[in-house]
Each structure stands twice: as structure tokens, then as C-alpha cells.
Amino acid sequence: MREFGYQRASDVAGAVALLGADPDARFLGGGTNLVDLMKTGVERPARLVDVRELPLDRVEMTAVGGLRIGATVTNGDLAAHPEVRRRYPALAQAVLAGASGQLRNMATVGGNLLQRTRCGYFTDVTKPCNKRVPGSGCPAVAGEHHNHAILGASDHCVAVHPSDMAVALTAFDAVVHFETANGPGELPLAEFYLPVADTPHRETALPPGALVTGITLPPAPTAANSRYRKVRERASYAFAIGSVAAALDIRDGVVRDVRLALGAVASRPWRAVEAERVLTGAPADAETYAAAADAELTAARPLPHNGYKVTLMRNLMVAVLTELAEEAAR
Amino acid sequence: MPSSTSSVITLKINGEKYTLPVDHRTTLLDALRERLDLTGPKKGCDQGQCGACTVLLDGRRAVACLQLAVAAEGREITTVEGLADGEQLHPVQQAFLDLDGFQCGYCTPGQICSAIGVIQEHAAGWPSAVTDDLRPEAGPPPLTADEIRERMSGNLCRCGAYVSIVEAVARAAAGTGTRTDTAPAARISPEAGTKEAVA
């Protein structure tokens, strides 16, 4: 590991000032991803600015009935929060489906958003990777890619975003708040993660040196009937091979409102806008759910070893929508 | 020798203060084991995946291998060495002993610290990925074997002592008045084994 300087920030403005415009400096939250990447040499910061003790550790109701989640709230505290469980149960389920109890106690909300892909070529510095070393190539396209992207990828990178939390946040139209030396800013999560295109090393639209300070969830009555379902290669403590966050509101047998986002299928959490379009206003039945899933997946471009994900995601979307409809009918 | 890449820090561990110079690259796990002779927390994977290095940070379980020592300054650190009250073992330690919740013992300090965290998190009403009803009104779910297995999934045991580990966690939790609802211990007695062999 490269030697590095360490500074601890006590307020947001101070943290932003300490980081400055130094491209070799990183904010340190829980460290569960960054410290791991520093050990393997993927990350080689010259300086860390520790932001874990910033006063951003609260989950609060907003005036309009949404939630404001501070960036240093731990994953464990977020999933346990009564208002998260009551108003956005899919978010609590998504967080609980990720990592282990120990890691959830360490990992922060801000760090969860900014965690890096677990693609084996990205995490192995002896291999080429366009995300790690722009222009070096992507061995995954013709190599080990059974858990790689089927949507929105490019020849330059087929890695998937690893977060469960961000999938649920995407379904609920979360907004990311950040602070820069020039003042605060915000980005809808839908614009926070950049498309891969030919720049997989550029992952977010955050300005250089920006510190994520929190997330706002707008009020969403539909979210009270929501669910996160994750498929993985073992029953617990593994990254998803596919996941669905969904919320469903049915009135008189017709889909009145629906939120649908997919995980582990793209470089970012994937909002299933095509499926939502088919569902909205349509009869709430199995035929509609299947048509919606198929509509979303017409854009799928599977690789030789991950075609199973197309079937998996189709069935997963149908299953979760069916479960939510049954739940709503109770 | 403090420089821009090292610092003199004071760590609060098991109620005692230790002051030491550390290179900033030092993890809490290496500081505990290599500098302070607290070798209870074990180095398994050193990647946050096995849980052998689990300690309590400000009372909550965490993996010491991904925690930088310099960033742990000011926090209350508890290792397995700090659990017993003199000769009186912590109830979770006693339950692991009574129910053989280990074989080789390498993962055990991490399992025990993690189990203490599990019991506290459950008592605080935290749900898990296998909890059916997440609504806070539903209250904490019974700490069933499924709940224990899910909550302890960050601690690997290469000997595969999981059956006894689950029983030990359930017994320790029951000792605190927690509803566990685990099935009566389905342990295979020597007699049962003999009968099966005869049949």
C-alpha cells in the first residue's frame, strides 16, 4: 500500500477544504470498500480525509413527508430506522440484503453510493481494465463475465454496479446532495451515475472534490407497498446476480402507480422505465407483468455467458410484481 | 516517529488506553495483534469477508481488518480479551464452550464478538434479511435458527461448526430473555449414532 497522510474533518466545509482539488486525496467513510481497494493497489491515495465523524448521521422526515438521510448514517442504522421500514420497506430490505452485519455497521450511505464494481478484472491490478486504466482494454467482454451487464453496457466496460441500496433509492427517485468549495449542489440519482459509453472510468456526475452530504427521498405513498428481492449464488452475504426493487399501487384492478428498478444488470442501478410505461394504467394481472418485463428487456444485450440473466430478470420482475399485488389485496 | 504518513495515536481497548506511533497504513487488526499483543482477533482473509477479526467498536461489531488504526482513535474498542469479568466468562463465551460452538477455534473470537453484536442488534429491534415483517410495530422477530444464520453470515467457520454455533448463540440470547423459538436441540447423541449404525 502506498503511504498516505490522514486528516480528520469535523465539519462539512472543513472536509471539502481539506480535500481541496487534490486528485490524489480521497474521503474516507467506513472504509469497507476504499481500504480494501488500497490493500490491492486499485486505489493509491496520497491523502485521506476522514469524514466519518461529520454531523451527517441523522435520518429525518422532511417537511413534505419524505426522508432526508445523512451521508454518514451507517447501513445498519439506515435499515433499522422505523420510518425507512414503514415508508420505504424495499430500501430497508435492500440494505439488509447487502454485505454482512459487521460491514453494515461500518459502511456509510455516502460510501455505499460511491462503492466500486466488484468485477474481477477491475480489482486485479495485473489485468487490463478500462475503468481502472483508461484505454487498457476490457478482458471481461471475451472472458469471465457470467455476472456482468446485460443492459446499457459498451464494448469498453461490461461491469455492474454492486450496490443493493442504490437500486431501491433509484426506484424511489432519490436525490443526492453534495457540497463543493463553491457551495452545495444536488443531482437526481437518475443523473448521478453516468452512462458507460467510452468513459467507464467516469462513474458519477459529481464535480471534482465534491463531498456527498446526504440523500433526499421524496414522499411516495406507493413505496409503503414495496419490496426488494435479490438473487445470488448463496443464501446470504454475496453480491447480487440480479435484483428488483418495486413498489405497486393497484386501484380497481388497474395499476395506478408503479416503481421498478433493477440491480446487477448494468453499470448503474437500472430504472425500468419501459416496464413502468407498460404497467401504468394497465390491468394488474400476470399478462401485463410479463409484457412489462419483456418490454424492458428488449434492450438487453447479453454476453455469451450471462444470457441467463435475461430470463432471470424477466421472471424476477413478474414474481415481485405478483407478490406486491397479492400483498396489496390483503 | 510521526511524519505526514504516521501519527502517534491513543487507542481505548478493553477499558485501557494504549499510546503508540502508527504508520497510517496500519489496520486496527495489525495494531492489536502485532503491536499490542492482543491476538484474540484473528487474521483470516484480511479482506472483510471472513469475520475472524470481528471486534466491537463503540459497542457494535465491525471487522478490524478494514478499519484503519488511526481512524479508530477516540472509539471504544472491545476485543475477545475484554469480554470476561475476571474468571467469569461472558455468557456468549460460556455458551460456545458448553455447546461446542467451535472445532479448531480460529474463527471463535470473531464468532463470539459477532454474536454479542447480533444479540444487541436484535434486542434493539433491528430486522434482518430474513425477517418477514419489517414494520417497526411488528417488534423484533423471534431469534430463530434462520435469523441467527442470516445475522451471523459474516462469520465463516472452515470447520463447519455452524450447527453448534447457532445453538450457542440461541442459548446466550435466551439467557437475556430473548424469544428464540429455535427447535429443541437436534443434536445427535452417541446412542442415536449407535442405533443408526446397528440398523
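**Stop one: a loop in chain A**

Start by selecting A:Tyr237, which you'll find in the loop that links β9 (226-231) to β10 (242-251) of chain A. One thing to know before you go on: this is a predicted model. Check the backbone at A:Tyr237, where phi is near 55°, a positive value in a residue that isn't glycine. Is A:Tyr237 buried or exposed? It counts as buried, because 21 C-beta neighbours fall inside 10 Å, and the cut-off for being buried is 20 or more.

**Stop two: the sheet around that loop**

You get an open sheet of 4 strands in chain A, in the order β9-β10-β11-β12, with antiparallel pairing. Which strands stand at the edges? Those are β9 and β12 (270-271) of chain A; each has a single partner strand, so one side of each has no neighbour in the sheet.

Zoom in on β10(A) and β11 (residues 254-263) of chain A, which run antiparallel to each other and are paired over 9 bridges. To see one bridge up close, select A:Ile250 together with A:Val255, its bridge partner in β11(A).

**Stop three: another positive phi**

Next, pick A:Ala99, in the loop between α5 and α6 of chain A. Here is another non-glycine residue with a positive phi, with a value near 55°. A:Ala99 counts as buried because it has 27 C-beta neighbours inside 10 Å.

Move to A:Gly29, in the loop between β2 (25-28) and α2 of chain A. A:Gly29 is buried, since 27 other C-beta atoms lie within 10 Å. Which residues does A:Gly29 touch, leaving out those up to four places away in sequence? Show A:Val51, A:Arg52, A:Thr72, A:Thr108, A:Gly110 and A:Gly111.

**Stop five: zoom out on chain A**

Colour chain A by its domain assignment: domain 1 (5-50) and domain 2 (222-329). The C-alpha centres of these two domains of chain A lie 36 Å apart.

**Stop six: where the chains meet**

Bring both chains into view. How many residues of chain A are in contact with chain B? There are 29 of them, and they meet 33 residues of chain B. On the chain A side, β1 (5-8), α2 (34-40), α4 (82-87), α5 (89-96) and α6 (101-106) each supply at least two residues. The largest share, 5 residues, comes from α6(A). Colour this side of chain A by class and you'll see 14 nonpolar, 9 polar and 6 charged residues.

**Stop seven: the core**

Now for the largest nonpolar core, which has 165 residues. Select A:Leu91, A:Ala168 and B:Val169, the residues with the most contacts inside it. The element that gives the most to this core is helix α5 (residues 162-175) of chain B, with 7 residues.

Stay with A:Ala168 for a moment and show what it touches, leaving out residues up to four places away in sequence: A:Ala90, A:Leu91, A:Ala94, A:Tyr228 and A:Ala245.

**Last stop: chain B**

Chain B has 6 helices and 5 strands, and along the sequence they follow the pattern β-β-α-β-β-β-α-α-α-α-α. Of its 199 residues, 47% are buried.

Colour chain B by domain: domain 1 (6-82) and domain 2 (91-175). The C-alpha centres of these two domains of chain B lie 22 Å apart. Where they touch, 13 residues of domain 1 of chain B are in contact with 12 residues of domain 2 of chain B. On the domain 1 side, β3 (54-57) and β4 (60-63) of chain B each supply at least two residues, and β3(B) gives the most, with 3 residues. By class, that side has 7 nonpolar, 3 polar and 3 charged residues.

Terms used: Residues are numbered from 1 along each chain as its sequence is written. Chains are lettered from A and ligands numbered from 1 in the order in which they are written. This is a predicted model: local features need pLDDT of at least 70, side-chain atom pairs count only at pLDDT 80 or more; totals for chains, interfaces and linings use all residues. Domain bounds come from an automatic or database domain assignment. Two residues are in contact if their C-beta atoms, placed from the backbone, lie within 7 Å. Ala, Val, Leu, Ile, Met, Phe, Trp, Tyr, Cys and Pro count as nonpolar, Asp, Glu, Lys and Arg as charged, and the others, Gly among them, as polar. A residue is buried if 20 or more other C-beta atoms lie within 10 Å of its own, exposed if 12 or fewer, and partly exposed in between; C-beta atoms are placed from the backbone. A nonpolar core is a set of buried Ala, Val, Leu, Ile, Met, Phe, Trp, Tyr and Cys residues joined through C-beta atoms within 7 Å. Two strands pair if DSSP finds at least two bridges between them.
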